[in-house]
Amino acid sequence: MKRRHMLKVDRLMLRFGGLQVLDGLSLTVREGQIVGLIGPNGAGKTSCFNCLTGIYQPQSGTVHFDGRDVSHLPTHRRARLGMARTWQNLGVIDTLTVTENVMLAGHQRTGYAALAGMLGLPGTWHRERELQRDAAEIIEYFGLDAVAHERTGELPYGIRKTCDMAMALATDPKMLLLDEPASGLSPEEALGLATTLRELRDRLKLTILMIEHHVPLVAEACDHVYVLNFGQLLTEGPPADIQRHPEVIAAYLGGTAAETPEPPEWPLKPEGADHGTA
Amino acid sequence: MATATMVLTRVKVQRRFGLALRVTAVIALLALAALPLLLGGDVWAQRISRAAIYAVIGLSINTLTGHAGQISLGHQAFVGIGAFAAAFTASRLGAPLGFGLAAAAAAGALTAAVIGLVALRVTGLYLALVTLAFGLTAETTIFNWREFTGGGAGALAPRPTLLASDHAFALLCLGVLALVLYLDWRLVSTKTGRALTALRNNERIAATLGVNTTGYKLAAFSLSGLIAGLAGGLFAHWNQIVQAMDFEFQVALVWVLMTVVGGLRSRLGVILASALFALLPLTLPNFLSSLPWQPPFLNEAVYHVLPPFIVVVMLLIVLRCFPGGFGQLLRPATRWLSTGSARTPRTGTGGRT
């Protein structure tokens with residue numbers, strides 16, 4: 001069964017001065033898939049996310065989301081269409097509490113105009129209480145009840161990370177873009193994340209594209225994997241094939257495929273190839 | 001079982017008693033604040049009007065700088081344009097006061113929206129420079145436009161008979177202050193407050209959560225300009241004459257200082273600091289020169305230089321010791337008044353830093 005495209009990226013070109021960050025990158029994510037985006041540091045993964053969400057404007061190439069050309073839409077319009085993302089260095093607002101952060105993420109669902117809220121028109125009070133209830137529900141799902149009223153800036157990294165994820169879900173998305181969801185988690189927690197992601201996908205009918213280095217998680221969670229190197233697509237395929245792909249191993253470990261005739265265990269962390277983070 | 005009920009009842013009784021105590025405290029404080037208006041005669045009525053107008057200006061700057069994180073060193077232009085618009089509608093068109101105040105607010109909002117359009121492109125130091133340049137330009141061009149402002153002679157802004165007395169006018173100013181306070185409270189408690197907090201901290205995160213960052217920045221400028229224009233309109237009728245020299249650059253600086261000393265995003269702090277800054281130059285020199293014992297080498301001329309000096313010292317103390325301003329110092333008290341417990345910092349406060 002071929003499912004329709006949720007995200008279709010066509011020949012993205014992104015240049016910063018003399019640095020070619022993305023070089024004709026094309027990829028597709030079908031509805032309901034969990035797709036991994038891997039590659040060494042500096043391969044252009046996060047830049048790719050920034051192009052998808054509209055934070056960077058690529059020099060050429062198109063982004064279709066949910067059957068619509070969003071290439072020239074500003075970030076907040078793409079978010080309203082159902083594109084949510086988490087951040088490598090966390091997308092929580094430190095001065096707000098966990099509850100307020102999740103309510104902030106519900107911004108586009110408030111259902112009243114900003115002016116109506118400021119004037120305190122009758123409907124807005126009720127909606128605020130509803131938003132608070134919705135936020136409490138999401139917070140409970142992620143087990144953040146105990147810290148619901150703490151400022152996120154004062155919380156440990158792992159909890160803020162979970163809060164970031166809760167916020168992405170609170171935007172009521174069709175698609176999640178996760179930037180290294182397992183970083184900072186213990187190996188067991190990372191594997192647990194695979195179950196969570198699959199459960200979310202099934203329960204909320206989500207499509208997920210994630211940047212991740214943690215290989216067991218990618219192998220466990222993803223239906224399909226794209227490998228990026230120097231802004232270009234190195235290869236793509238199901239995780240099992242990618243794991244054995246000689247060029248992928250070479251890209252991660254440096255050197256050429258010929259030098260490593262015996263593929264080692266699937267490389268655990270990107271090493272060597274550090275071209276600076278784009 | 002019985003003990004549990006007893007404990008529960010005691011907690012309930014304590015809570016009810018605590019609530020009563022807090023309500024009494026609020027009423028007592030309000031009564032104390034109303035005393036000068038009731039007993040002080042016309043002089044104090046005028047002073048209270050001035051303090052209320054300053055507080056409205058402080059809340060205007062708080063909207064822009066506190067909530068949206070944008071700086072303005074040209075606020076005298078917004079207030080001034082509001083004042084001249086009110087004076088123009090009152091003296092030339094003979095329109096009623098409400099209409100004049102609406103015109104003042106609209107003029108302030110419009111001007112600020114134009115500056116906001118520029119501000120979308122620049123941040124930080126450059127925004128400070130743009131607003132500064134705008135304020136200075138407005139002083140020399142718009143405020144000297146003879147047909148609109150009456151040139152050096154100024155424009156008259158007579159009060160209607162209903163508000164002719166200083167007491168009635170003070171009540172009007174306090175009413176406007178209450179209105180602006182309400183707006184600020186609802187702003188902080190609804191989606192606008194959260195969106196602006198996100199915008200202030202990280203525009204990219206705000207945008208990916210669906211916040212129209214451009215729109216909210218413009219809205220913050222317009223709202224700040226609207227409140228500033230309203231304050232200008234009140235100022236025009238308070239003084240009953242508006243002159244370009246009332247809106248020189250240094251007053252804009254003082255307004256920014258009083259907002260920072262009061263504490264960004266703290267309504268009570270901003271009001272107290274604004275009132276202090278409004279009244280200090282009026283009351284302190286007279287008070288000091290009326291003391292029976294005068295220290296040697298000091299005279300009235302020195303007393304008149306004291307208020308700005310005190311202001312600067314206060315700013316330094318605030319920046320060094322409590323960056324949250326008066327608001328930070330008052331936090332335990334306000335927390336007790338609003339929640340009944342001085343300790344727990346657990347309730348969300350709309351992202352006060």
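What is the order of the six strands in the open sheet of chain A?

**View 1. The open sheet of chain A.** The order is S6-S7-S8-S3-S9-S10, with mixed pairing. Strands and helices are DSSP runs numbered from the N terminus (strands: E, at least two residues; helices: H or I, at least four), and two strands pair if DSSP finds at least two bridges between them. Strand S6 (83-85) and strand S10 (232-237) of chain A each have a single partner strand, so they stand at the edges with one side lacking a neighbour in the sheet. From one strand to the next, the twist averages 20°; axes are lines fitted to C-alpha atoms, for helices over the stretch in contact, and angles run from 0 to 180 degrees between N-to-C directions.

This is a predicted model: local features need pLDDT of at least 70 and side-chain atom pairs count only at pLDDT 80 or more, while totals for chains, interfaces and linings use all residues. Residues are numbered from 1 along each chain as its sequence is written, and chains are lettered from A and ligands numbered from 1 in the order in which they are written.

**View 2. Strands S3 and S9 of chain A.** Four bridges join S3(A) (residues 34-38) and S9(A) (residues 224-229) in the parallel sense. Ile38(A) is opposite Val227(A) of S9(A).

**View 3. Helix H1 of chain A.** H1(A) (residues 45-53) lies across S3, S6, S7 (175-179), S8 (207-211) and S9 of chain A. Helix H1(A) runs at about 150° to S7(A).

**View 4. The side of chain B that touches chain A.** Here 28 residues of chain B are in contact with 32 residues of chain A (C-beta atoms, placed from the backbone, within 7 Å). H8(B) gives the most to this side of chain B, with seven residues.

Definitions and conventions:
Contact = placed C-beta atoms within 7 Å.
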